[in-house]
Amino acid sequence: MATNKKRKNLNVLITCVIIASFLLMSGCVDSEEEATTTNELTVGISTDVNNWYLSQFPDGDGRFVWSQVYETLVRLDTDLNIEPGLAESWETPDNGTTWIFHLRENVYFHDGTPLNADAVVFSYSEDSYVKKMGALRALKSVEAVDDTTVKFVMAKQMSLPFYLTHVAWPIMSPSCVDAEGNFISPIGTGPFKFEDQVTDQEIILVRNDDYWGEKYVLDSVIFKVIPEATTRVMALETGEIDMAIKLPEYDVSRLEEEDDIEVYRTLTTFTDFLQFNCNNGVFEDKEVRKAVAYTIDTEEMVDTVLEGIGMAAQGRAFTPTMMYSNPDLELYEPDVEKAKEILADDGWSDSDNDGILDKDGKPLTVTLIVGKGVWASRHTAMAEAIQGSLNEIGMDVDIQVLESAAITSLENDGDFDMLLRTGYFVWGPYPRHFFVHQSTSPYSHYNNSEYDVLANAADSTVDEDKQQELYYQLQEMVLEELPAFYLVHEEKIVAANSYVKGYEITAEDPWLNLNGVYIENEQ
């Protein structure tokens, strides 16, 4: 009996030792796992970053990545109000011709070099995108007054701080190029640093622990390139990615019903518009442009084609989120009979009863160009709806979906009738978009000296009351003259798995606000 008891006690002791060891090992494993767990966010985007240097803004969704690495002198808050960025303050001594910017002190680029006035001068050199593409063609010079003071001299008065919010022209370190001026690597001041890139697959950014502003929670962000929107949605639902941007409208309502998915929506600064070739072809005639405006039902387009995502523009150029957006404009209401009457009064008739109007022996046949890329699926569906609507008034529409290079060629030759576009100079609240229709703009297909004078005057004053008056006049003029017909004010859509916390959507595009975002431990 004693022997059995001793053996029993020994067995109990051995069992206790094994259990204790197992618990201790489990605790160690858990502790090790806890120690090595990182707050890493994977975001699905449609396109890679095809350029990191200041000479060119990247295409498509690559811009959302770029804006995590690079920063601007002036920023926008979540309500699109300007606020200090890399410049902590600024002033104009002469009502907008000269601007003095005072840089934050103790700000460092990702390679440890200091932010200074020379870096700002470098970023606005003749090679910079902002100088080459013409948005700041009035910029005469940028001068380093001292280490933390920069002077911008303009050819005219203008509200420069609003321009400098655009991430297309950020501040880069001069050390991002070698002695011969060849680009080496992306070096900015942003909350994340460039770590690695596998072309057309992924970009890896890591947190900048020396960031001058509020430290971000995320340790790293992986931007995964998934060109097809439906594939991005599937990747989100399976957990392959944590967050996705640029989702198709037809998936939004379904995703909103899913318990494990959060969908974030807000009206953005972008508007889809139908740009007419007013210099050549049938749309030289304003009456034909008006017939189009009275035919297209933009409310129906939002409700049916876009699944209720967005806001019908009805010809209005600016979303309500923009500065000086006139709330009292008389917008276009769809009226097919009125459109037919306009065309009849203009001499169009169906002389051969084929359903297509003609005039002077020429049929009312037009081309509608849609670009491939980020907006292709959305714009193709919109173009087909436009095609169907215009067929009702006897206009035959040929839709062509083309690469950007082919579109540029057609534009340069004036060989098109309509272009379906979105955005253009609407990165923030300031109404620079009117530049698109000025005769000096590379994107313009409209020539009106009265419009040019008015647009230039609106952009050449810092008097807000005067600016509002002028921009109100421009909005009315666009509705009357129709260099373009504005279709839909876009909604920005971001979706994330429910374990992604702290995200706050903003109207600014292209901008993905990751400040305060974190991954909840229990996924």
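Asp 61 is buried in this predicted model, with a relative accessible area of 0%, where buried means under 20% relative accessible area, exposed means over 50%, and partly exposed covers the range in between (1.4 Å probe, protein chains only). Asp 61 has a charged partner in Lys 246: the two form a salt bridge in which the closest N and O atoms are 3.5 Å apart. The term salt bridge stands here for a side-chain nitrogen of Lys or Arg within 4 Å of a carboxyl oxygen of Asp or Glu. Lys 246 sits in the loop between strand 11 (243-245) and helix 7 (249-257), and Asp 61 in the loop between strand 1 (40-45) and helix 2 (62-69), so the pair ties together parts that are 185 residues apart in sequence. Helices (H or I, at least four residues) and strands (E, at least two) are DSSP runs, numbered from the N terminus.

Residues are numbered from 1 along each chain as its sequence is written, and side-chain values use heavy atoms, with hydrogens and water left out.

Over the whole structure, the search finds 22 salt bridges. One of them joins Lys 290 and Glu 480, with an N to O distance of 3.3 Å. This pair also links distant parts of the chain, as Lys 290 belongs to helix 8 (residues 286-295) and Glu 480 to helix 14 (residues 464-481), 190 residues apart. Lys 290 is buried, at 17% relative accessible area, whereas Glu 480 is partly exposed at 37%. Elsewhere, salt bridges that share partners bring Arg 207, Asp 209, Lys 215 and Asp 219 together in one network. Within that group, Asp 209 pairs with Lys 215, the closest N and O atoms being 3.7 Å apart, and Asp 209 is partly exposed at 49% relative accessibility.

The protein is divided into domain 1 (40-242 + 499-519) and domain 2 (270-490), with bounds that come from an automatic or database domain assignment. The C-alpha centres of the two domains lie 31 Å apart. Contact, meaning heavy atoms within 4.5 Å, involves 24 residues of domain 1 and 19 residues of domain 2. The size of an interface is often given as the accessible area lost when the parts come together. Here domain 1 and domain 2 bury about 1800 Å² between them, 61% of it on carbon and sulfur atoms; buried area is the accessible area (1.4 Å probe) that two parts lose on being put together, summed over both. Lys 156, Phe 162 and Tyr 163 supply 28% of the area that domain 1 buries against domain 2, more than any other three residues.

Polar and charged groups also take part in this interface. Across the interface of domain 1 and domain 2 there is one salt bridge, together with five residue pairs in polar contact, both residues being at pLDDT 80 or more. A polar contact is a pair of N or O atoms within 3.5 Å; within protein, one must be able to donate a hydrogen and the other to accept it, and residues adjacent in sequence count only if both atoms are side-chain atoms. The side of domain 1 that touches domain 2 divides into nine nonpolar, 10 polar and five charged residues. In this grouping, Ala, Val, Leu, Ile, Met, Phe, Trp, Tyr, Cys and Pro count as nonpolar, Asp, Glu, Lys and Arg as charged, and the others, Gly among them, as polar. Lys 156 also meets Asp 459 in a salt bridge, at 3.2 Å from N to O.

Helix 13 (residues 449-458) has Tyr 451, Asp 452, Leu 454, Ala 455 and Ala 458 buried, and their cover includes helix 14.

Two loop residues complete the picture. Leu 115, in the loop between strand 5 (98-103) and helix 3 (117-123), is buried at 6% relative accessibility. Ile 171, in the loop between helix 5 (160-163) and strand 8 (192-198), is buried at 0%. Leaving aside neighbours within four places in sequence, Leu 115 is in contact with residues including Leu 86, Phe 109 and Ile 171.

Notes. This is a predicted model: local features need pLDDT of at least 70, side-chain atom pairs count only at pLDDT 80 or more; totals for chains, interfaces and linings use all residues.
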